[in-house]
Each structure stands twice: as C-alpha cells, then as structure tokens.
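This briefing concerns the strand arrangement and helix packing of the structure shown below. Please read the points alongside the sequence and the model.

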Amino acid sequence: MAAPQQRIAQTADAPSIVVIDDDVSMRKALDNLFKSVGFEVELFASPQDFLQTDRADRPGCIVLDVRFPGRSGLDMQRDLADAEAQLPIIFITGYGDIPMSVRAMKAGAVEFLTKPFRDQDLLDAVGTALEKDRVRRTAEMNLAELRGRFDTLTARERQVLSLVVAGRLNKQIAGELGVSEMTVKMHRRQVMRKMQASGVAQLVRLADQLTSSMTHG
C-alpha cells in the first residue's frame, strides 16, 4: 500500500468517507486505504449505527456493505432516501447478484462492487461519488442564493416579474396593473437589478429555475 499522503484538513467542508460494514477487518482495510490518499473516514458497524448518529451534514459519500443482520444495505438506501439524506452510495458485497445490483443502481447508487475488488476501482468510484455530491451541493447553494434574491422583490416587483417572463410588453403590463408605463419601467429595472439578470432571456431562465425548484421541492 502506498505511503500516506498529506491529510485533508479536518473541517466541516472537507469530504468524509463513511464506511459501513460489519466486518472489522474490512472496516480497518478501508480506513487505511482512504486515509492513505488523504481522506477523512468515519467507520460504522451497521446502518443503524450510522442512522442514529447526529452527524453534521458535510461533503462525502457512503461505502456500504449490502448484507447485515436484520436490515440490509439496500434497506438503508431506501431509509436514507426517505430521510432526504443525499450522500451518494457505493455498494460493496461478497454476495452480489445482477438483480441486487440493478436494484441498487436504479435507486441511485454510484457503483456496485463485488469483493474482492481492486483498490483503484473503489477509489475511482469514490471520486465519482464525491464529484456527484459536490455538483449537488453547488446547485443547492446557487438555488438558495437565487431564492434569496427573489425574496428581496416587493409584491409589485413580483407581479412585474411574472408578466415580463410571460412575454408581456411594458405597455401591456401597465394596462394590466393599472399603472403608468414609466412605473413599469422603474419596477422592471429593479427586478433586473435584484435578480442580477443581464436581460430578459436570463430572467426567464432564473424564473424557470425557481418554478422548477418549487414544483419538485
């Protein structure tokens, strides 16, 4: 095994690999592997142990065995989805079959590796999982920032926004709202400034993002 490289700083923003396996030797081997390439690692003997922790939400992924006494790793995958916990999951198992792997992948698993697997295959899967988690977190952060901008709009500015996005001209908006065209232009400038839109096309895209997030959120 390669000599340990410089460790990633232990902060809330540093990615952490969550290993859940009831085999002590496997937990130790994975702990050594991930630490050797600079990752922080959290070890758990069962899905229940992980679900009962008050773990802070931080970047990372889960490396999860499939078979446990009682509830399986596939059960935990469903539990995490129900709890809206979104850490990407990589399954590892010594007893995998095609229907099991298909079920796991359809439910959103990043990879399904059968023991014994090559260290590099697991590290590659972890890299993919961490990138997936990073993309999701970035999108959520951008959406939260966009919602914050929308929240600064006055009720009238929101009306103007919806009408601009619907393709109405200033004159039409003025008639619909019972205000002057000059007033509409003023509100429209404020909407563009607050939403940080460079033009109507971008404003439409931002409004679509907000509408989509409200529909699916």
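Which residues in H7 meet which residues in H8? On the H7 side they are Asn170, Lys171, Ile173 and Ala174, and their counterparts in H8 are Glu181, Val184, Lys185 and Arg188. By class, the residues of this contact of H7 with H8 comprise three nonpolar, one polar and four charged. The model is predicted, and the points below are grouped by topic.

**Packing of H7 and H8**

- Helix H7 spans residues 170-177 and helix H8 spans residues 181-195.
- The two helices, H7 and H8, pack with their axes 8 Å apart and at an angle of about 105°.
- Because angles of 65 to 115 degrees count as roughly perpendicular, H7 and H8 are roughly perpendicular to each other.

**The sheet**

- Five strands form an open sheet in the order E2-E1-E3-E4-E5, and their pairing is parallel.
- Strand E2 (40-44) and strand E5 (111-114) are the edge strands, each pairing on one side only.
- From one strand to the next, the twist averages 20°.

**Pairing of E1 with E3**

- Strand E1 (residues 16-20) pairs with strand E3 (residues 60-65) in the parallel sense, over five bridges.
- Within this pairing, serine 16 stands opposite glycine 60 in E3.

**Helix H5 on the sheet**

- Helix H5, residues 119-151, packs on the sheet and touches E1, E3, strand E4 (89-93) and E5.
- The direction of H5 makes about 135° with that of E3.

Methods: Residues numbered from 1 in each chain as written. Predicted model: local features only at pLDDT ≥ 70, side-chain atom pairs only at ≥ 80, totals over all residues. Heavy atoms only, no water. Pairing = 2+ DSSP bridges. Helix = DSSP H or I, 4+ residues; strand = E, 2+ residues; numbered from the N terminus. Axes fitted to C-alpha atoms, helices over the stretch in contact; angles between N-to-C directions. Contact = heavy atoms within 4.5 Å. Parallel < 35°, antiparallel > 145°, perpendicular 65-115°, else oblique. Nonpolar A, V, L, I, M, F, W, Y, C, P; charged D, E, K, R; others polar.
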